[in-house]
Amino acid sequence: MYYEFYCPVKIISGDNAIFNLPNELDRLKAKKPLIVTDDGIKKSGIIDSVIKMAFDELKKPMPLIFSEIPVESSTKAVEKLLNFFKQNGCDSIIAVGGGSVIDSSKALNMLIAENRDSLQELAGVDIIKNRGVPFVVIPTTAGTGAEVTSVAVIFDEDSKSKMAFASSLLMPDAAIIDPAATQTLPKKLTASSGIDALSHAIEAYISIQSNPISRALAFEAVKIIWESLPAAVKDKENKQARENMLNASLIAGMAFSNSMVGIVHSLAHSAGSVLHIPHGVAVSLFLVAGVKENAVASAKELSELLNAVAYMNEYRGTTKQRAERFIYFLEKFVNQIKQEAGLPLTLKDAGFTKEQEDEIIKLATRDGSSIFSKVALTKERAKNMIDAANN
Amino acid sequence: MCSKFIKKELILSLLMFVFKRGMVFLSKNDTEFIKLIKDLPERFSFLMTVRNTNLRVSMKKSNGVLIYAKNQKEFDLILEFSNLCSAFLVFAGFMPQYQAFSEHRLSIKGNISDALCLTDAINRLQAVIFPDIISKKLIKEFEGSSLKEKSLFAKFYLYALLLLR
Ligand SMILES: [Fe+2]
C-alpha cells in the first residue's frame, strides 16, 4: 500500500498553554504579529484577559487586533484583512477563533506568500508555491481541526460561491490548544462541532486514502469524543472534557487532512449552502445516514471502530454484526448529543423543504469530498441519505 | 505492470492519442457522454501532462463538443501525473483515476467540481474502450445504464495491449 502523510504543525497543548504564545512567536522570529479574530471572540474576553496576560507577564507589547471576520469567511473580509496587515507593517499571524477565522488567516497568508491582492486565481489544489509568514493558531471551537489541516474555504462575494484552497503550505507553524479558549462556547456549538470532529475521524478511517497513521489517529479521536463530548455538552465548566475535545478535534484533523472525508461531508456541504445552516449542524444531520451507506463496503473498518466505543463484551460477532453494532451505537450517541444540545433532529427541523432536494443532490454529487469515499455518491445514494436524514 | 522493460513513453503517447480521439468522438456521438460534459462551462479547457516529460493532452469545450486545444497556454484545469509509471497505470486501465489521485500520483490544479465532471466523462470513455472486466474495476459505481452499450473503440485498446508484449 502506498501512502503519504504530512503534518508539520508544532502542537502545544494543555491547561495554560496560551502562556507559551510569546515564546512560540520568538521561536518563529515574529516581531510584529497581528491577532485575527471575530467580534464574538473579542467580546468573550479571551484575548483581553488570557492572551494579554501572557504578553504582559513578559513585558512584551500586546499585538494589534483585527476582529472583523464574519461568521462565514468571505473574499471581502480577507481583502480588508490584507490591507490592515500591510498598513500596519505586520510580519506574522495569530489566528484566534473557529473555522472562519482560521480559514481567513490561511487565505491572508496565501495572499502574502504569493504577493497577490485577490484570491480567485489561487483556488484549487496545490496552486500556491511559496511559504507565508509565521503563523500560529489558537482554536476556540473543538471541531474543524483547521489548525492542522491543509485546506481553507472562502465565500466569493462576486460569484456567490465557495472557493476551496488546498496546499500543505497552508498549514500553520504552531497550534496552541488551551481549554481557556473554549470556555464561552455555547452548548449548541460544542455539540455540533464535536459531531463534526467525530465525522472527520470516522470518514478518515473508512476513506480510500486511509493509512496506518491516520487510522491510529482517527481511532483515538473517536475514543476521546465518545468519552468527553457528552460531558463537554452537559457542563461547560468541565475543563477536562473541553480540553479532551480540543485534542480529539485536532487529532481527527490530522487524520482527515491526510486521508480526507467522504460522502457525509458532500451532503453536509451542499445542504449547508442550500439551507444556510452551520457546517457542524449539517454534518450532524447526515453522519449516521452516510455511515449506513458505507456499512457493507467498509464493514471491516466500522467493526474495528466498535472497539473504540464499546465494552469488551460487545466485541464478539462477525465483522458484519460488529459493524452494525457500531452503527447502532453511533446513532444512539449522535441523537443523545443532538437532544441534549437542542440541535435539529431531522432535515425538516433545519428548514428543509422538498423543493430544495434536487439542488442539494446536484451540489452534493459535484462536491470533491466524495472522491475519497469507497462508495460512489450517485444521485440515488444522495437521495437515500436525504430521506434518512429526514426521518 | 509498470516494469522497466516496457517502453512506457511510447505506449503512453499512443494511449493518449486514443484518449484524445475517443473524447472528441464521444462528445459528438455518445448521448451518455454528452450528458456528462453538459455541466462543464463553454470554452472550458484542460491539460493532462506527465511531470518532467513532453507528454500532454490539451482539450477544450467549444460549441458543446470537445476539441483539441493545441496552442492553448492557460488552462482551467490541469491534471498532472507524478511520473510515467503513474500515467501508464491510469491510461492503460490498470488503476482507477480516483486511486491515482488518492495515492498522490495525480495532482489536480483548478476547480474540483469541474474535475469531477471530467472524471465522470473519462470514466464513460473507459467504459466504452475497455472490456467490461477492466472498466468495472475502474469505476466505483455507475449511475443508470452507462456500462452497457459498447462500441468499436475496444479495438484501439487491444491494439495498444498487443504492443506491450
Ligand atoms: Fe467537517
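Predicted model: local features only at pLDDT ≥ 70, side-chain atom pairs only at ≥ 80, totals over all residues.
Local features were taken at pLDDT of at least 70 and side-chain atom pairs at pLDDT 80 or more, whereas totals for chains, interfaces and linings use all residues; side-chain values use heavy atoms, with hydrogens and water left out. Residues are numbered from 1 along each chain as its sequence is written, and chains are lettered from A and ligands numbered from 1 in the order in which they are written.

Chain B contains 7 helices and 5 strands, where helices (H or I, at least four residues) and strands (E, at least two) are DSSP runs numbered from the N terminus. Along the sequence these elements follow the order α-α-β-β-β-β-α-α-β-α-α-α. Of the 165 residues of chain B, 50% are buried; buried denotes a relative accessible area under 20%, exposed over 50%, and partly exposed the range in between (1.4 Å probe, protein chains only). Among contacts in chain B with a separation of 6 or more, 63% involve residues 24 or more positions apart, a contact being heavy atoms within 4.5 Å. The accessible surface of chain B is about 8,600 Å², and carbon and sulfur atoms account for 55% of this area. Accessible areas were computed by the Shrake-Rupley method with a 1.4 Å probe; for residues, only the protein chains shown count as cover.

The interface joins 26 residues of chain A to 17 residues of chain B by contact. The size of an interface is often given as the accessible area lost when the parts come together. Between chain A and chain B the buried area is about 2,000 Å², with 56% from carbon and sulfur atoms; this quantity is the accessible area (1.4 Å probe) that two parts lose on being put together, summed over both. Val125(A), Arg366(A) and Ile371(A) supply 34% of the area that chain A buries against chain B, more than any other three residues.

There is 1 salt bridge between chain A and chain B, a salt bridge being a side-chain nitrogen of Lys or Arg within 4 Å of a carboxyl oxygen of Asp or Glu. Asp120(B) pairs with Arg366(A), with 3.4 Å between the closest N and O atoms. On the side of chain A that touches chain B, strand 5 (124-125), helix 13 (357-365) and helix 14 (379-389) of chain A each supply at least two residues. Helix 14 of chain A gives the largest share, 3 residues. By class, this side of chain A has 9 nonpolar, 7 polar and 10 charged residues. Here Ala, Val, Leu, Ile, Met, Phe, Trp, Tyr, Cys and Pro count as nonpolar, Asp, Glu, Lys and Arg as charged, and the others, Gly among them, as polar.

Over all chains the count is 28 salt bridges. In chain A, Arg381(A) and Glu293(A) form one with closest N and O atoms 2.8 Å apart. This pair links helix 14 of chain A, which holds Arg381(A), to helix 10 (residues 279-293), which holds Glu293(A), 88 residues apart. Arg381(A) is buried, at a relative accessible area of 13%.

In chain B, Glu80(B) and Arg51(B) form a salt bridge at 3.0 Å, N to O. Glu80(B) lies in strand 4 (residues 77-81) and Arg51(B) in the loop between strand 1 (45-50) and strand 2 (56-62), 29 residues apart. Glu80(B) is buried, with a relative accessible area of 18%, whereas Arg51(B) is partly exposed at 38%. A further salt bridge joins Glu103(B) and Arg105(B) at 2.9 Å, N to O, and both residues are buried. Lys354(A), Glu357(A), Lys383(A) and Asp387(A) are joined into one network by salt bridges that share partners.
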